[in-house]
Amino acid sequence: MSLSSRDVPFPRKIPLSLVTIRPATLFDLSEVMRIERQSFREQYPRGLFLMFLEANPETFLVAEYNGKVVGYVMGYLRPDMEGHIMSIAVDPLYRGNGIGKALMEVVIDRLIKRGARYIGLEVRVSNERAIKLYEKLGFKKMKIIKGYYSDGEDAYYMVLTPDAWGDRS
């Protein structure tokens, strides 16, 4: 069931200072999965979230507001020292408050501190809002991956280097 704008004010404006970003726990997974379902046409299975939680506790983060999980990001460091953002989403009712940017900033900092040579991610070519956020954070489009998504849509592969992260204003 999804809520319409008549049911709940959309989006809810909240002060970012009242949002806490912390490592995800097993108890957060049902809310993370709810946000995943509301945010993406294609969802990762619960087992993948469990695997990421166990393998990447420092870079699987949630944003919490007033005791409720309102966003998450899953990042990891590959053996070749490539950082990767697997997934990021914010509850539709809380978008537009800077939560996604805050989640990205924390996970990027953590991946770089762990030695990431660069950080990569894939994003739908049609997801202009996410692309603008990633570019604002210093990510650059490196290539188009044809037919990346199961519906045939292409993805941009975007990369952020530690130098670009350190040089941002």
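Visitor: In which loop is Met81 found?

Guide: The model is a predicted one. In it, phi of Met81 is near 70°, a positive value in a residue other than glycine. Met81 is found in the loop between strand 3 and strand 4.

Visitor: Is Met81 buried, partly exposed or exposed?

Guide: Buried requires a relative accessible area under 20%, and exposed requires one over 50%. Met81 has a relative accessible area of 28%, and therefore counts as partly exposed.

Visitor: What is the phi of Asn66, and where does Asn66 lie?

Guide: Asn66 lies in the loop between strand 2 and strand 3. With a relative accessible area of 71%, Asn66 is exposed. Most residues other than glycine have a negative phi. Asn66 has a positive phi, near 55°.

Visitor: Which elements do the buried residues of helix 1 pack against?

Guide: In helix 1, the buried residues are Leu29, Val32, Met33, Arg34, Ile35 and Glu36. The buried residues of helix 1 pack against helix 2 (46-55), strand 2, strand 3 (68-77) and strand 4.

Visitor: Which residues is Arg34 in contact with, leaving aside its neighbours within four places in sequence?

Guide: Arg34 lies in helix 1. Its relative accessibility is 16%, so Arg34 counts as buried. Beyond those sequence neighbours, the contacts of Arg34 are Lys68, Val69 and Asp91.

Visitor: Why do the buried residues of helix 4 line one face of the helix, and which residues are exposed on the face turned away?

Guide: The buried residues of helix 4 are Ala130, Ile131 and Tyr134. Viewed down the helix axis, these fall within an arc of 100°, so they line one face. The face of helix 4 turned away from that buried side carries the exposed residues Glu128, Arg129, Lys132 and Lys136.

Visitor: What covers the buried residues of helix 4, and which residue with a positive phi follows the helix?

Guide: The cover of the buried residues includes strand 4, helix 3, strand 5, strand 6 (140-145) and strand 7 (155-160). Helix 4 is followed by a residue whose phi is positive, near 110°, and this residue is Gly138.

Visitor: Which element gives the largest share of the lining of the largest pocket?

Guide: The largest pocket has a volume of about 1100 Å³. Its lining consists of 37 residues, of which Phe40, Ile88, Asn127, Ala130 and Tyr134 lie nearest the centre. Helix 1, strand 4, helix 3, strand 5 and helix 4 each supply at least two residues of this lining. The largest share, 7 residues, comes from strand 4.

Visitor: Which annotation covers residues 19-163?

Guide: The end C-alpha atoms of this span lie 28 Å apart, and the span is 32% helix and 34% strand. According to the unreviewed UniProt entry, the annotation covering residues 19-163 is "domain: N-acetyltransferase".

Definitions and conventions: Residues are numbered from 1 along each chain as its sequence is written. This is a predicted model: local features need pLDDT of at least 70, side-chain atom pairs count only at pLDDT 80 or more; totals for chains, interfaces and linings use all residues. Side-chain values use heavy atoms; hydrogens and water are left out. On a 1 Å grid over the protein atoms alone, a cavity is a set of points where a 1.4 Å probe fits but cannot get out, and a pocket is an open set with protein on both sides within 12 Å along at least five of seven lines; lining residues have an atom within 4 Å of a point. Grid points are joined across faces, edges and corners, and a volume is the space filled by probe spheres set on the points. Helices (H or I, at least four residues) and strands (E, at least two) are DSSP runs, numbered from the N terminus. Buried means under 20% relative accessible area, exposed over 50%, partly exposed in between (1.4 Å probe, protein chains only). The arc is that of the directions from the helix axis to the C-beta atoms. Contact means heavy atoms within 4.5 Å. UniProt positions are given in the numbering used here, feature names are shortened, and annotations may be inferred rather than shown by experiment.
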